[in-house]
Amino acid sequence: MQVNNGYQPKIVAFCCNWCSYAGADLAGNNRLAYPENVKIIKVPCSCRVNPMFILRAFQRGADGVILCGCHPGDCHYTSGNYYTRRRMALLFSMLNFLGIEKERTRVEWVSAAEGAKFAATMNEFCETVAALGENKRLEDLRCKR
Amino acid sequence: MQRIGVFVCWCGSNIAGTVDVEAVSEALKSEPGVVFSTNYQYMCSQAGQDIIKNAIAEHKLTGIVVCSCSPRMHEATFRKTAAAAGLNPYMVEIANIREQCSWIHKDMATGTEKAIILGKAAVAKVNLNAPLTPGESPVTKRALVIGGGIAGIQTALDIADAGFPVDIVETKPTIGGKMAQLDKTFPTLDCAACILTPKMVDVAQHENIRIFSYSEVVEVGGFVGNFDVKIKKKARYVKEDVCTGCGICTEKCPMKKAPNEFNMGMDNRPAVYIPFAQAVPKVATIDPNYCNMLKNGKCGLCAKVCTAGAIDYTQKDEIIEEKYGAIVAATGFNPISMDKFDEYAYNQSKDVITSLEFERLTNAAGPTAGKLLRPSDGEHPHTIVFVQCVGSRCAACAEKGKEYCSKICCMYTAKHAMLTRDKYPDTDVYVFYIDVRTPGKSFDEFYRRAVEEYGVHYIKGMVGKVSPEGNKLMVQASDLLANKQLHIEADLVVLAAAIEPDKSARPLATMLTASMDTNDFFTEAHPKLRPVESPTAGVFLSGTCQGPKDIPETVSQASAAAAKVIGLLAKDKLTGNPCVAHSDELMCNGCSSCERVCPYGAITYVDKEFRMPDRTTAIRRVASVNTAVCQGCGACTVACPSGAMDLNGFKNAQIMAEVDAICK
């Protein structure tokens with residue numbers, strides 16, 4: 001996805017190995033397109049995602065970060081996604097306070113059967129982030145050198 | 001510095017159609033650590049794997065990146081390839097350029113650009129990979145089954161038949177559980193004792209099974225394959241190995257006023273008792289709350305009449321320590337207390353009974369020798385009202401009932417109604433229900449027989465109030481379909497009480513570090529795909545401790561749990577997942593944050609001696625991860641405030657490197 005003046009949003013998606021990564025695979029299997037701006041990092045569980053990773057992504061110039069995990073109650077590790085839900089609620093509100101609009105961050109539950117939901121979520125998230133424009137709040141320009 | 005080889009797969013035209021594979025392998029050549037980069041039509045084919053193997057030897061590769069399909073597809077394949085060439089399999093990473101790239105993008109330039117970035121991220125990760133070796137732990141080839149109802153019996157028999165020793169721990173003096181109390185079983189109406197007691201005898205005679213009756217588990221330590229369990233064998237004041245079960249002591253005991261638990265307290269038993277004729281083990285037990293000898297030293301009659309000399313008033317509780325490889329929870333259920341349901345007058349009238357009491361009342365070995373008589377006056381009841389869902393599906397009255405459906409009540413009420421009409425055609429039988437739920441083989445046919453052949457009056461609606469008037473019970477109810485109020489003069493009211501997990505389940509779950517739901521049912525490892533395992537490795541679930549079930553379902557689950565246990569015990573060693581948490585002891589400050597979030601109880605604390613910078617030694621409390629129990633979710637790594645906890649294979653640095661590569 002390219003917005004006018006050549007700006008391409010960079011989006012990091014953390015996907016849990018058991019549900020969401022498989023959901024992303026299913027989107028691929030069904031050839032459901034979503035923007036190339038989304039790059040997926042596999043983690044064992046959404047609860048593996050340290051707030052540091054998200055801060056790092058914004059520091060390095062990411063425009064949006066999305067976490068995908070199993071639906072509540074379906075976590076492979078029983079309670080991992082509950083931790084994610086609580087931790088991210090806290091982190092995202094803090095980021096919002098710092099000027100990283102809450103639309104740039106998201107937690108979404110995608111099961112292994114929801115390829116269509118994965119693609120739709122990524123399309124929609126990408127559009128939302130693109131509409132917000134570049135993330136400059138947390139970007140560390142020293143990293144660009 | 002790693003020496004990384006990059007292998008870009010075409011996947012025929014699946015990848016090569018939208019990704020310029022040549023450009024990708026060329027672009028990744030200049031990434032740090034990469035010493036070799038190539039592409040091939042089918043990397044997963046024998047020829048493709050040979051390319052990888054040869055490159056490992058030729059270029060002395062220490063890391064591999066395969067840009068191909070999803071790791072869910074071929075990660076295992078390429079790890080095996082690496083292992084065959086002498087490289088640690090965990091030095092292989094996959095960049096998913098098919099499902100996440102070529103299949104979803106149409107444009108060659110876009111696809112190629114994204115594939116390069118995904119490849120770079122994988123290279124960045126491999127640069128930080130370290131060889132991993134799965135941990136191994138031995139397996140104690142003995143299983144523990146907690147609970148001796150039909151679930152525990154079936155699980156124990158199946159495990160024992162496979163050749164592994166099993167111990168059953170049962171809190172009551174006999175095994176058999178709730179099923180032993182039942183009269184007939186739906187939908188075939190065979191008598192419960194006729195199908196259960198032979199199984200109980202099988203258990204008693206099986207060379208691989210030991211029964212610890214009148215015992216309970218008091219402590220569980222260790223982990224999968226290596227549990228250390230302490231079992232308290234309560235004093236029964238009868239030598240189990242000497243008692244012949246002749247029953248003469250129970251006849252002669254002068255103290256005959258103890259409520260008989262087996263008959264739901266509807267009659268009395270002596271202080272020294274055998275719960276029922278087919279009890280296993282058939283050994284007497286002295287109830288210390290009622291025995292005059294134990295209470296005030298006056299009596300001793302049973303010791304005098306016992307020809308075997310089995311009575312021992314000085315017996316003490318005994319603690320048995322044993323090691324187990326697997327533990328099965330089969331703690332079962334109980335009907336909920338009716339104390340809070342004043343509207344049904346359960347505590348006011350003896351003629352308002354629960355279904356389990358009704359079961360005893362119709363059982364040939366029950367308090368009335370199988371004759372259906374009113375508990376209050378011993379008269380034959382002519383009008384019987386059954387009330388379904390007493391405390392079940394009770395979202396609005398959660399403080400006294402349960403929100404869930406107890407599942408078995410519709411069927412046993414149909415059974416009770418049918419049997420009553422069959423034996424006593426002169427009785428009028430009413431059943432009040434919210435819905436009749438009969439999913440199960442031959443279940444709906446059974447219910448329809450009750451209505452159509454036996455003329456049971458099924459009325460949709462709930463009973464509002466039961467009030468005792470003289471020797472009658474006035475039942476006020478609503479008929480929702482006819483939209484009218486009903487007043488029925490009943491002789492007997494039977495309440496289908498909701499079932500709840502046994503009270504021992506929660507303390508047991510705490511000991512096992514097994515998780516429970518809000519209703520105290522054990523939680524399964526996965527609600528659909530791992531229904532007989534607890535999330536805690538080595539702990540398995542059998543029967544109603546996991547959720548309401550009828551007998552066929554319980555037996556299926558019991559055998560399934562046994563199969564899982566056999567699969568575990570058949571192994572000599574357990575090979576773990578090497579991607580487990582690891583704590584840096586120098587950074588750990590022993591705060592317990594990680595322990596609290598671990599769903600598996602894999603983290604414990606140890607006091608360790610450390611050499612301090614000033615050359616003194618200090619003892620510090622640090623976290624220690626049991627790699628056999630850790631499942632590698634990584635919850636602890638985020639909870640750790642000092643950054644000491646990290647996850648092998650998904651280290652903080654590795655994920656950060658991927659983030660950096662993607663955001664560059």
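Let's start with salt bridges: a search of the whole structure, over all chains, turns up 45 of them, where a salt bridge is a side-chain nitrogen of Lys or Arg within 4 Å of a carboxyl oxygen of Asp or Glu. Keep in mind that this is a predicted model, in which local features need pLDDT of at least 70 and side-chain atom pairs count only at pLDDT 80 or more, while totals for chains, interfaces and linings use all residues. Residues are numbered from 1 along each chain as its sequence is written, chains are lettered from A and ligands numbered from 1 in the order in which they are written, and side-chain values use heavy atoms, with hydrogens and water left out.

On confidence, the model scores ipTM 0.96 and pTM 0.75. Chain B has a mean pLDDT of 94, with 100% of its residues at 70 or more; pLDDT is the predictor's confidence in each residue, from 0 to 100.

Back to the charges, beginning with a helix. Glu75(B) and Arg79(B) meet through their side chains in a salt bridge, at 3.6 Å from N to O. They're separated by about one helical turn because they sit four residues apart in helix α3 (residues 71–84) of chain B. Helices here are DSSP runs (H or I, at least four residues), as are strands (E, at least two), numbered from the N terminus. Glu75(B) has 15% relative accessibility, so it counts as buried; the classes are buried under 20% relative accessible area, exposed over 50%, and partly exposed in between (1.4 Å probe, protein chains only).

Lys234(B) and Glu216(B) form a salt bridge whose closest N and O atoms are 3.8 Å apart. Lys234(B) is in the loop between β12 (226–233) and α8 (248–252) of chain B, Glu216(B) is in strand β11 (residues 215–223), and 18 residues separate the two. Lys234(B) is partly exposed at 24% relative accessible area, and Glu216(B) is partly exposed at 28%.

What about the strands themselves? β11(B) and β12(B) run antiparallel and are joined by eight bridges; two strands pair if DSSP finds at least two bridges between them. They form a hairpin with two residues between them, and Gly225(B) in the turn has a positive phi of about 85°. Across the pairing, Glu219(B) stands opposite Lys230(B) in β12(B). β12(B) also runs antiparallel to strand β17 (residues 318–324) of chain B, joined by seven bridges, with Lys232(B) opposite Ile319(B) in β17(B).

Two further charged groups are worth a look. Glu240(B) and Arg236(B) form a salt bridge of 3.4 Å, N to O. Glu240(B) is partly exposed at 26% relative accessible area, whereas Arg236(B), at 2%, counts as buried. Elsewhere, salt bridges link Asp351(B), Arg374(B), Asp377(B), Lys472(B) and Asp491(B) in a network.

Now for the rings. The whole structure holds 11 aromatic pairs over all chains; rings of Phe, Tyr and Trp (its six-membered ring) pair if their centres lie within 6.5 Å, with planes under 30 degrees apart counted as stacked, over 60 as edge-to-face and the rest as tilted. One of these pairs is Phe358(B) with Phe386(B), edge-to-face at 5.4 Å centre to centre and 75° between the planes. This pair links distant parts of the chain, from helix α11 (residues 355–361) to strand β21 (residues 383–390) of chain B, the partners being 28 residues apart. Both Phe358(B) and Phe386(B) are buried. Ring pairs also link Tyr433(B), Tyr447(B) and Tyr458(B) into a cluster.
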